[in-house]
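Trainee: Could we go through this one together, a question at a time?

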Number of protein chains: 4
Amino acid sequence: MMHSAAPYKRRAYYYETDKMGIVHHSNYIRWFEEARLDSMGQTGLNYGSMEKTGIIMPVTNVSCRYIVSVRFDEEVEIFTKLSYFDGIRAAYSYEIYKDGGILAACGESGHCFLDEITRMPVSLKKKYPDFYEEGLSLVEGRTI
Amino acid sequence: MMHSAAPYKRRAYYYETDKMGIVHHSNYIRWFEEARLDSMGQTGLNYGSMEKTGIIMPVTNVSCRYIVSVRFDEEVEIFTKLSYFDGIRAAYSYEIYKDGGILAACGESGHCFLDEITRMPVSLKKKYPDFYEEGLSLVEGRTI
Amino acid sequence: MMHSAAPYKRRAYYYETDKMGIVHHSNYIRWFEEARLDSMGQTGLNYGSMEKTGIIMPVTNVSCRYIVSVRFDEEVEIFTKLSYFDGIRAAYSYEIYKDGGILAACGESGHCFLDEITRMPVSLKKKYPDFYEEGLSLVEGRTI
Amino acid sequence: MMHSAAPYKRRAYYYETDKMGIVHHSNYIRWFEEARLDSMGQTGLNYGSMEKTGIIMPVTNVSCRYIVSVRFDEEVEIFTKLSYFDGIRAAYSYEIYKDGGILAACGESGHCFLDEITRMPVSLKKKYPDFYEEGLSLVEGRTI
């Protein structure tokens, strides 16, 4: 996996655990979001700025595979990669590591771009060209 | 405690527990909100409707005292009472019972009424007279 | 889809929304859990009871596809189906409907059965035969 | 307020916002926990280590006053102070600042120390003398 940004680091919070004594699986979906927004910020295109231009990027699908449990106070490193981008839709993939190299979980999320008011799809190429160019330059496998 | 509405019932969800094996204390604050909005709905004044008129009711303070732990799948009954209301501010008090009568927790929340756009205080007496009258009729200890 | 239990109903809570004004996507994963545990309870095999016998059922993978947003206070009906079961692993599929028939989201979750103490896989056939038989009778496509 | 440890810093996550566009009030209670555990760790007494000795520190009460809203991606600094400690009970107070000095919220939490198995109160003086001494040295207003 080629990593397009510095990994996102954080610890597992106590309130994220459940009675099994491990981080509840739903929280990994939230960690993906944290890592994605951190990754976007590192490319100079802050998601908050994007929303201020009236464009939102809701999640259209998400998946996660849980491999090794994460426990309270353990530090994780999350690698995020823009795996698909065409200005209409985008997809990110994630790998969560703990203990300096153990793959704890991996997953993906799909997104579209909508006008915040109308909730209709927007083309970033027209509406947010800076992000469009940035997206093209980041996406894996871009050949042109 | 005089209860102004039917209690709000729900079970403790698995994801609400933490590694102590009990419901995490932060969730009681969320349960208070569930119970408050349910209680408002019972009086015929739905909070969703209120927001649609452009008025929001943020929380200005909250407190909770934890007495007996609640565990996964236990059913709780939450009694909500409007304890203060003057059309500018409101306060609710809560009692959470389990096992048909054991007081598990109690608490309070304070609220103001704001214009959703300007985020400035509004007087319900002028802006939402129906709710104002309803509030006056519900608040405990109203003497006229 | 053949539904093996009565659907699980609940409303979207205020705290489940995010600044897009819709239920945050991570909460659907929690709703799946609520629905799954409710569904298990309906079959007479309560997950709480299962954990008391020392068996836990962690999530090995989860996925969700988001079709129509759910908003605050909207009621959803969640249909849960045991789609795979062999006593070692299980999978559930979910459909979330709103407004009496609009498919809002669908997804799946995979599970294994572990000894709570050792965290090693257990065979329900040996350790929890009642659940094993129940599982076999519930799983779709069982031909024997 | 005398601050006994470096402040705890973090950003507001997207999923912590609600449809008002601000961080949901329940999350501040979670932030208090994050800050408290971070603060404990800084004193050399990690809460995880404490739990490993069989002692848990549940919350007996919590309160929060909300002054200025925190929005998505804003950074907050949380100052935590051990305001009471006698080896049987403890209390912490919190101040949350944003924008480098605006008080966004403040609050308190109360705690007891319990044996993880019996859930009966324990005296840290006997069971966890290192933490007891550390607590005494940290608590504000200690006169002896």
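Predicted model: local features only at pLDDT ≥ 70, side-chain atom pairs only at ≥ 80, totals over all residues.

Trainee: What span should the 18 residues of H1(C) have, and how far apart are its end C-alpha atoms?
Mentor: Residues are numbered from 1 along each chain as its sequence is written, while chains are lettered from A and ligands numbered from 1 in the order in which they are written. Helices (DSSP runs of H or I, at least four residues) and strands (E, at least two) are numbered from the N terminus. Since the expected span is 1.5 Å times one less than the number of residues, H1(C) should span 26 Å, and its end C-alpha atoms agree at 26 Å.

Trainee: How many residues of H1(C) are buried?
Mentor: Buried means 20 or more other C-beta atoms, placed from the backbone, within 10 Å of a residue's own. By that count H1(C) is mostly covered, the buried residues being 15 of its 18.

Trainee: Which element of chain A gives the most to the side that touches chain C?
Mentor: Contact means C-beta atoms within 7 Å, and here 15 residues from chain A face 15 residues from chain C. Helix H1 (25-42) and strand E3 (59-66) of chain A each supply at least two residues to that side. With eight residues, the top contributor is E3(A).

Trainee: What is the bridge partner of A:Ser63 in E3(C)?
Mentor: Strands pair if DSSP finds at least two bridges between them. E3(A) and E3(C) pair in the antiparallel sense over five bridges. In E3(C), the partner of A:Ser63 is C:Ser63.

Methods:
Buried ≥ 20, exposed ≤ 12 C-beta atoms within 10 Å, placed from the backbone. Contact = placed C-beta atoms within 7 Å.
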